[in-house]
Amino acid sequence: MERIKVLQTASKGYAKGPVYLVKRRELIIPRRTIAAEEAEEEIKRYKASVNTAKEQLEKISGDSEIFEAYIQLVQDEALMAGVISKIKGGNNAEAAVEDTADEFIQMFDSMEDAYMKERAADLKDIKKRLLYALAGITENPFQGLKVPSVIVAEELTPSDTADMDFENVLGFLTEIGGVTSHVSIIAKGRGIPCLTGVKGICGRVKDGMMAAMDAGEGEIFLEPTEAELFEFAQKKCRFEEQEQMMEVESKKPSETKDGHKFMLCANVGNIEDIKEALKSQMEGIGLFRSEFVYMMKKDDFPTEEEQFQIYKEAVLLTKERELTIRTLDIGGDKGLDYYTFEKEENPFLGCRAVRLCLKMPEMFKNQLRALLRASVYGNIRIMYPMLISVEELERANELLLECKRELEEKKIPYRADIEVGMMIETPASVLMADEFAKRVDFFSIGTNDLTQYLLAVDRGNEAIAGAYDSFHPAVLRAVRHVIRCAHAHGIKAGMCGEFASNEKASAILLGMGLDEFSMSAGSIKAVKYRLRNISFKEAEELAEKVLGASSAKEVKELI
Amino acid sequence: MISQKTVVVNKSGLHLRPAADLSKLASSMSSEITIVAGEKRVNPKSVLILMSAAITKGTEIEIICEGENEAEDLKRLVEAIESGLGEGTE
């Protein structure tokens, strides 16, 4: 009955289904004294909470030894005896769990041994799990996601989507986040309809309420009427017909009307994404974000062996196609469970990405060795993020060389001709592009960060969201400069930012000479359709005109 | 009631994970079990209690079992501890 209009579309498409509202409530612990006859019931509740917590832990434990140990802790005899005796003494289950756990926490906290002191934190986790279970709140907010649903949340973080069962995701509606936010990128990659910036949506829906969303036009219907559903179905049908047409076109080669070739690649964040991308017409992986390898670990940095297994699995999927793996790009907005970043005034200008890796050379080398070892199975390309200077590049390459020597000593094979390239996403790397081009095998322009750094506009700040614009002539001219420097030194220039798939931008970029367009797999067919239906000559002329423009407004009038 | 002395050999002593392993094994047994380390006497069926004893590598401990299955249980516990509780003995 309710219709909501949204301006921003993060990922097109239609979805209809029950709402799954992601709850993240603060926990209030109801403490009370109980009568003797209530004790039995409270003990039952407590035992049920132990089972719930145990089941949750079993589900997430996998090979993690920490969670295996937690499973023992949560059903520990002494803990259980303590809780039951407190319940029998007249406390409800919540109070008994809290007090007993606190006694143990205090005991560990007061121990001399630093290791034992830390175990207090394990018990706090156990306590939280039990209290959540008693309150009937599932600790993993997606635990209850059992049927295909429209996910409604205030915000979705990378760790949220890491735990999500995508089989049951029909669409996303979030209050916070722009078109370049994490959830948008994930949604695009998987072709899941997504609308972000839907203010107040969480307060307007209930779990299980029927919702229909048209992410193309930016419309949401809550508890739609028959007439609205009919209208919705018609639009959906038209959309699907168009998609069908593009699907047919997408099987044809990547070349313009006049035979100029270009390459379309996919951006991926994990193995599942690669499998999804392989279903599209992508010609390679232009950006594999290796962060997930680090984020799925809860206790420590992944080892060389753990990483090797993942990269090997990835490259066995992509086979002879290029697989561009970006080395760890962490810091700024992305954190790790087991590593605390120094508090920084300006994390985006702080110790992140390659800067962090160069400070932790052993950690970085684990990744480099894993990449080298996996390289024999296909066509891995190593890509460094966030470089600002030739020194940084040389330092990273020195470490890479050390890794190669170490492998040679151990007689472990790697591909000697593995390509090494870099992201162009800092203003410094744009200005130094000719120097960099002499020293690397390829460039990949990261327009999301480049726009933000070049324009000094925080892309997450809603107050100045309008100022964040990749059509700003400064960005376009920077891109052209980078492509020219690349070609002057005989290397390829690609782009792995969302701009590469922008409806209006791709023709300009083609005209500037961009060789490789890497984007969410879901966008590939639309871009291919557009680029196949123009000539390179037209694109060049358009690029020339646009580069002469003096403002973003002028640029947009031209296209 | 029977008992046997042994030495904790795994590298991190009876820390969380090895303690959890030992405790899981002990909990599956019908015997009443006590581990004596110096002046401490702990019930290994509880990870928390077992950890609170802070038993480090190289500590000599005595395992006491009492029950119908005590001989078999004692043997298995000693074997588990001597094999390093899945952690190696380095």
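A disulfide is a pair of cysteine sulfur atoms within 2.5 Å. By that test, this predicted model holds 0 disulfides over all chains. A:C202 is buried, because its relative accessibility is 18% and the cut-off for buried is under 20%. A:C485 is buried as well, with a relative accessible area of 8%.

Salt bridges are another matter. A search of the whole structure finds 51 of them over all chains. Start with A:R3 and A:E231. Their side chains meet at 3.0 Å, N to O. A:R3 sits in strand 1 (residues 2–5) of chain A and A:E231 in helix 9 (residues 226–250), so the pair ties together parts that are 228 residues apart in sequence. A:R3 is partly exposed, at 40% relative accessible area. A:E231 is also partly exposed, at 28%.

A second pair is A:R32 and A:E38. The closest N and O atoms there are 3.2 Å apart. A:R32 counts as partly exposed at 40% relative accessibility, and A:E38 counts as partly exposed at 28%.

Now take A:R381 and A:E516. Their salt bridge has its closest N and O atoms 3.5 Å apart. The pair links distant parts of the chain, with A:R381 in strand 11 of chain A and A:E516 in strand 15 (residues 516–520), 135 residues apart. Both residues are buried. Elsewhere, salt bridges that share partners form one network, and its members include A:R3, A:K5, A:D214 and A:E231.

Next comes strand 3 of chain A, residues 149–153. How many of its 5 residues are buried? The count is 5 of 5, so the strand is largely enclosed by the rest of the structure. A:S149, A:I151 and A:A153 point one way, while A:V150 and A:V152 point the other way. Strand 3 runs parallel to strand 2 (residues 14–21) of chain A, and 3 bridges join them. In that pairing, A:V19 has A:V150 as its bridge partner. Strand 3 also pairs with strand 4 (residues 169–174) of chain A, in the parallel sense, over 5 bridges. Here A:V152 stands opposite A:L173.

An open sheet of 4 strands has the order 1-4-2-3, with antiparallel pairing. Strand 1 (2–7) and strand 3 (40–42) of chain B stand at the edges, each with a single partner strand, so one side of each is left without a neighbour in the sheet. Neighbouring strands of this sheet are turned by 20° against each other on average, direction ignored. Strand 2 (residues 32–37) and strand 3 of chain B pair over 3 bridges.

Back in chain A, look at the loops. Most residues other than glycine have a negative phi. A:K319 has a positive phi, near 50°. A:K319 lies in the loop between helix 12 (304–318) and strand 10 (322–326) of chain A. A:M386 has a positive phi too, near 65°. The place of A:M386 is the loop between strand 11 and helix 15 (390–409) of chain A. Is A:M386 buried or exposed? A:M386 is buried, because its relative accessible area is 1%.

A:V376 lies between helix 14 (361–374) and strand 11 (379–384) of chain A. At 37% relative accessibility, A:V376 counts as partly exposed. Together with A:L316 and A:Y377, A:V376 makes a nonpolar surface patch of about 240 Å².

Key
Residues are numbered from 1 along each chain as its sequence is written. Chains are lettered from A and ligands numbered from 1 in the order in which they are written. This is a predicted model: local features need pLDDT of at least 70, side-chain atom pairs count only at pLDDT 80 or more; totals for chains, interfaces and linings use all residues. Side-chain values use heavy atoms; hydrogens and water are left out. Patches are made of residues with over 30% relative accessible area and no salt bridge: like charges are joined within 9 Å, nonpolar side chains (Val, Leu, Ile, Met, Phe, Trp, Tyr) within 5 Å. Accessible areas come from the Shrake-Rupley method with a 1.4 Å probe; for residues, only the protein chains shown count as cover. A salt bridge is a side-chain nitrogen of Lys or Arg within 4 Å of a carboxyl oxygen of Asp or Glu. Helices (H or I, at least four residues) and strands (E, at least two) are DSSP runs, numbered from the N terminus. Buried means under 20% relative accessible area, exposed over 50%, partly exposed in between (1.4 Å probe, protein chains only). Two strands pair if DSSP finds at least two bridges between them. Axes are lines fitted to C-alpha atoms, for helices over the stretch in contact, and angles run from 0 to 180 degrees between N-to-C directions.
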